[in-house]
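Let's walk through this structure together, from the whole chain down to a few single residues. Please have the viewer open as you read.

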Amino acid sequence: MEALALLVEDLNHTNKVQRKRNLIKIKETLEKLDDDNLEELWSHHQRELFKTLEDESERCREIGGEILILVLSRTSSNLDPGANVLIPRIKISITVDPFEPSEEVRLILVQILTQLSQKRFEGQIRPFLDDLMKILQQLLLDAFPQIKIQASQVIQDLSNALNADFHLNAGSALLPNLIKNLNHQQQKVRIATIKAIGCVCQHGSSEDFKQAAPQLAQRLFDPIPGVRMAVGEVSGSLAVNWNFRHVNAPLLLPLLITGLEDEYQDNRHRVRVLWEIAGEQWLREEVVRDKRIKEAVDFPSEAPRHYPANVERRPSFGCRLWISRNFYKLKEALAHDLKDWLVETRVKTAQLLYILILHMESEIVAFAENVLNLFTTGIRDIESPVQDYICRSAKLFGYFVPPRHWLSLVSARIQEDPNVHDLRVLSCILSGSDPVLLEGHLEDLGLFLQEDNICLKMDVRSTDLHQKAMLDVSNSLISVCQHKSSNIQSQLFKILFCVHSLAQDEALKASGKEFLVHLASLFGHDSLQTLIKLEMGPLLKQFRSNCSNWGSTSYELTMFTHLLAEAQSNSGYYTEDILAIFKTTLKDDNLPEMKSRILLCLAKQMKNCQETLNSQKQFQNYSKTVITTLVLPHLEWHAGQKAQAVRLGAISVLWSIFVSKVVDHTRLEPILSSILLHMNKLVEDNSDQIRSLVLKAFYELLDIFGRQFPEDNLLKTLSIIDERLNDVSDEVRLIALEVLQKGSESFQETQSQKLLEYLSHLIPKLLIHMDDDNAKIRGASLDSLKLLCRRFSVPVKSVVAEKSAQHKHQMEVTTLLEHLSSLSMNNDV
């Protein structure tokens, strides 16, 4: 001890190297002393040791500080630590210019304060509370991160040691600087700062917490799980121990319960434990004050029969009740934060909404309209995490709120402004609804969903967005109610058929049809065609009642055309309704675009008429009306491309009728003159496509009549057609030759003078075209002449003998002559 005392006395040596050696020896000696001798040395030489903190040598100050830490850590609380000297010295080093330049020394000074604040010396340090506040203020702004962390630890220790005395000044003095450190780049600084803020608020006022709460909420977005957990631990401690926790619950509870949806599983578990402890603590206090709560605790209600299966654990009664008592204070903040410009804020708000609804359960009924407004805001967010949590929240809403409370609100919103967003919300609510309760409202749901302004509406950005939403709504409804949804079979059929008809995306279109097939199976039908047969009639009646208002871009028209395409043989059961719709939509005052689209749809039906409109053998009764009323008026020539498109559609219908052979010649004969009158005019139409189709229609018409075709009409028509042999289109010329061949087969057995006159006009023409540069034309002309040779070999032979020498292409001439010779030989035999 005497040697140690000499070393202490020699600390004033002028040589700093010697002072450093003495300090090192003192430290080594002190480490070996027992506690009693250490305290004795401290009582006699503390002032000399304090002076080392003012040594001009940085290393000496550092070692001197380490000695003080060693002594303070091992001395008893009964010993005077010399705080009356030590704290003012530290204050000078930290707060008075020139400040202590060494980071290491400043860190040691903070560690000395840590030793002083370990509760053992609270009586000695309490008088220096103002000095401590100024020291800590400066240390919190220190550039060295470890000093910030140590200073935050000192705040926690002082808070525990001095309690209310510390907190009287801590809020205004320390909170501003602590809040600055919440954004520090090092996670350890942020965690220590959060814990220090919690200690400041623990015995502080509501104003302190209100100042810190928004900044703590920002740390819930921190990418480090430990930082987020620190917020949960601090808010959990305040929720249990803070005197002002009840009045500040709207700010405090979100800080805690948001962690229940933390992305890190361990955080979620720890926050759940803290939250349940806080909820039980609150419940114990409320039971004493409120008899109704005591009765609810003594006679607990049964758990909900219809409860979300994916919720791991139902919140305790205290947690649920505490949230219910404060939700009305939170709803305005939720509405505001869901519109915040920061994505992170909107995501956390959507998470919080989900958690709150989970706790509110059936109590959320009282705020149904407010919650639906929140859903509408959140579902429109461009960020998918926000949308996902809104969808989860809406599904919970469906679990806890009976349909009678939300159906009128939701349907009114959608009917007023049908949009994808509200439909998505409805789909999610339906997916969580109780099937038993929902069953009684199926008809109301079906009626408003199948309205044209809802199920036939398109999204302005994309057709498929709206149809996808309608498909999701139907899927949710069917998934929940299963076969009980057969009560609204017609409405569901219309909705799903809308999706299948109007969707642009092939995958979505296919999904619509898959759901229709599933619907048919679910409701006990043997196939989709059976379901279509049942529902086609009512749907056609709806179309018939409003088809006079359709335009070329009407969604009803698109759906009608798709219905006919899918109906197949079922169309034959509703021939009258279908043709009535065609008649109305082809009225004179409709635009050409509308007429051309309708006529093309009718043409498709007529081409397969035997399997569609005539599947029940009833079309014959309507055939005359279809041709004379729907087709022939639209064969009239009018200028313009749109009028041309109408003529093309009309001749397509006529050709399709003839191709399908759905009408025999006895039905056509009374109107044949009218048909030919219109068709003959189109032979010279300026459209190659129309000329081709009208010639094809002639071919089929000749095939239907055979030799029953009236001669006068036949010869007049063929004389018009043979003019097409000079057409600018080779395709038209070839078809004209085919028609002439078919016409020659239609000549009657008796050779009238008119027929012979016509042949004298036709055969030379055919012979001329047998010398055409186009080999196909030459071949077709040859075939026509060979066909005529069978009955009219003499006139053919005479013309060939006269004209053949002038031909460039003699091969066809030779073939024809050989054919004539063979016919002569056969006749001679």
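This is a predicted model: local features need pLDDT of at least 70, side-chain atom pairs count only at pLDDT 80 or more; totals for chains, interfaces and linings use all residues.

Residues are numbered from 1 along each chain as its sequence is written, and side-chain values use heavy atoms, with hydrogens and water left out.

Now for the overall picture. The secondary structure comes to 42 helices and 0 strands, where helices (H or I, at least four residues) and strands (E, at least two) are DSSP runs numbered from the N terminus. Of the 829 residues in the chain, 56% are buried; buried means under 20% relative accessible area, exposed means over 50%, and partly exposed is in between, with a 1.4 Å probe and protein chains only. Take the contacts (heavy atoms within 4.5 Å) between residues at least 6 apart in sequence: 73% of them join residues at least 24 apart.

Let's zoom in on a pair of helices. Helix H27 (residues 489-502) packs with helix H28 (residues 506-522) at an angle of about 155°, and their axes are 7 Å apart. Axes are lines fitted to C-alpha atoms, for helices over the stretch in contact, and angles run from 0 to 180 degrees between N-to-C directions. That angle is why H27 is roughly antiparallel to H28; the classes are roughly parallel under 35 degrees, roughly antiparallel over 145, roughly perpendicular from 65 to 115, and oblique for the rest. Residues making this contact include Leu492, Phe493 and Leu496 of H27 and Phe515, Leu516 and Leu519 of H28. By class, the contact has 9 nonpolar, 3 polar and 2 charged residues. Here Ala, Val, Leu, Ile, Met, Phe, Trp, Tyr, Cys and Pro count as nonpolar, Asp, Glu, Lys and Arg as charged, and the others, Gly among them, as polar.

H27 also holds Lys494. This lysine counts as buried because its relative accessibility is 3%. Not counting residues up to four places away in sequence, Lys494 touches Gln450, Asp452, Cys455, Leu539, Gln542 and Met559.

A second pair is helix H19 (residues 368-379) and helix H21 (residues 403-416), which pack at about 40° with their axes 10 Å apart. H19 is therefore oblique to H21. In their contact, Ala368, Glu369, Leu372, Asn373 and Thr376 of H19 meet Leu409, Val410 and Arg413 of H21. These residues divide into 4 nonpolar, 2 polar and 2 charged.

Finally, let's visit the loops. Most residues other than glycine have a negative phi. Glu361, in the loop between helix H18 (343-360) and H19, has a positive phi near 55°, and it is buried, with a relative accessible area of 8%. Lys617, in the loop between helix H32 (592-607) and helix H33 (620-631), also has a positive phi, near 60°. At 58% relative accessibility, Lys617 counts as exposed.
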